Amino acid sequence: MFALPLLALVLLAAGPAAAQLHGVEVRVPRTFGYFLGDLVEATIVIEAEPGFVLQASSLPQPGPVTYWLDLRRVEARQEGTRHILRLTYQTFYAAIDARSLDVPGFPLVLSSGTDHGATTAPVAVPSWSLGLSPLREVQPARRADPAEYLRPDGLGPRLDPVPARNAALALGAAALLALVSLARDRAWWPFRPRPARAFADAARRLAALGRGPESEQGYREGLLALHRGLDAKAGYRLLADDLDAFLARHPAYRPQRDGLARFFAASRLAFFGGSVAEARHRLPLAEAGATARALAVAERAA
């Protein structure tokens, strides 16, 4: 007595869902020729009405599907009214002959939210067949000698070690030469330590002062830096009257005689003449720095 009303109710409930879902298709590159450990790519294409989205909570989760099949990766995207799932399976079935096994289907849910409420539509992804093949024959042909079952080792190409050896020797020699050059520059053993480069220190100090704002105090500090370099090189306090004797003992610095003479004249004005402005006019700090750099070059060459 209640069969017909109940059937009518079921049909009315299934009608909207059928109208919202237009089709489900399972696509695989091939359904045969898979071996133990192979990855199998499957694409599920669902065609639905506009406005529906695939509920993420209904997607299958990576993990074991059956005793012989694992789901490794699930990717989902939507292209218009098409919902596309890309599934990656891995088979662990050790087949002893060619056979076909069923990959289980699974349910999904589509949903659409409107001002009047939410509508859901169930989707049943069907199962599909997967053809598996054995890695070897079950019973190989009988051999008198068991060693005949073994395959010979593959022959690899012969490699000439001479180019690699020559390249290694050349690179080793270059590295040793660079190490010797570094040891000589840093005066490491067995090279003898070199005296400090007084003019190089003075040139660095003058360069640092030249990058800052110009002031009388900075100008005096620059002149003192060059004075200290000359004193260190001479071994005593070098005065203007000692310049010729100093250059006689250190001929490498003779080309800078005119610059040193202007330096001593400017220093006398700045420290004893009370006219720093006149000293800066005769010998700007940049020119004093250039003289210090030229002396540092001669010092390095010597």
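Good morning. I begin with Arg228, which has a relative accessible area of 40% and is therefore partly exposed. Please keep in mind throughout that this is a predicted model.

Arg228 forms a salt bridge with Asp231, and their closest N and O atoms are 3.0 Å apart. Both residues belong to helix H4, and because they are three residues apart there, about one helical turn separates them. Is Asp231 buried or exposed? With 9% relative accessibility, Asp231 counts as buried.

Helix H4, residues 216-234, holds a further pair, Glu216 and Arg220, which are four residues apart and so again separated by about one helical turn. In this salt bridge the closest N and O atoms of Glu216 and Arg220 are 4.0 Å apart. Glu216 is partly exposed at 43% relative accessibility, and Arg220 is partly exposed as well, with a relative accessible area of 26%.

A search of the whole structure gives 17 salt bridges. One of them joins Glu41 and Arg86, with the closest N and O atoms 3.8 Å apart. Which parts of the chain does this pair link? Glu41 sits in strand E2, residues 39-48, and Arg86 in strand E6; the two are 45 residues apart, so the pair links distant parts of the chain. Glu41 has a relative accessible area of 22% and is partly exposed, while Arg86, with 36%, is also partly exposed.

Strand E6, residues 82-91, also contains His83. His83 is buried, since its relative accessible area is 2%. A polar atom of the His83 side chain lies 3.3 Å from the backbone oxygen of Phe52. Leaving aside residues up to four places away in sequence, His83 touches a set of residues that includes Ile44, Val45, Ile46, Phe52, Val53, Leu54 and Leu110. Arg77 and Gln78 are also among the residues that His83 touches.

Next, the surface. Which residues make the nonpolar patch of about 450 Å²? They are Leu176, Leu179, Val180, Leu182 and Trp188. Leu176 is located in helix H2, which covers residues 161-186. At 53% relative accessibility, Leu176 counts as exposed, because the threshold for that class is over 50%.

Arg211 is exposed, its relative accessible area being 67%. Between the C-alpha atoms of Arg211 and Gly131 the separation is 79 Å, and the two residues are 80 residues apart along the chain. Thank you for your attention.

Methods: Residues numbered from 1 in each chain as written. Predicted model: local features only at pLDDT ≥ 70, side-chain atom pairs only at ≥ 80, totals over all residues. Heavy atoms only, no water. Patch = residues over 30% accessible without salt bridge, like charges linked within 9 Å, V, L, I, M, F, W, Y side chains within 5 Å. Areas by Shrake-Rupley, 256 points an atom, 1.4 Å probe, with all protein chains shown as cover. Salt bridge = Lys/Arg side-chain N within 4 Å of Asp/Glu carboxyl O. Buried < 20%, exposed > 50% of the residue type's maximum accessible area, 1.4 Å probe, protein only. Polar contact = N/O pair within 3.5 Å; in protein donor to acceptor, adjacent residues only side chain to side chain. Contact = heavy atoms within 4.5 Å.
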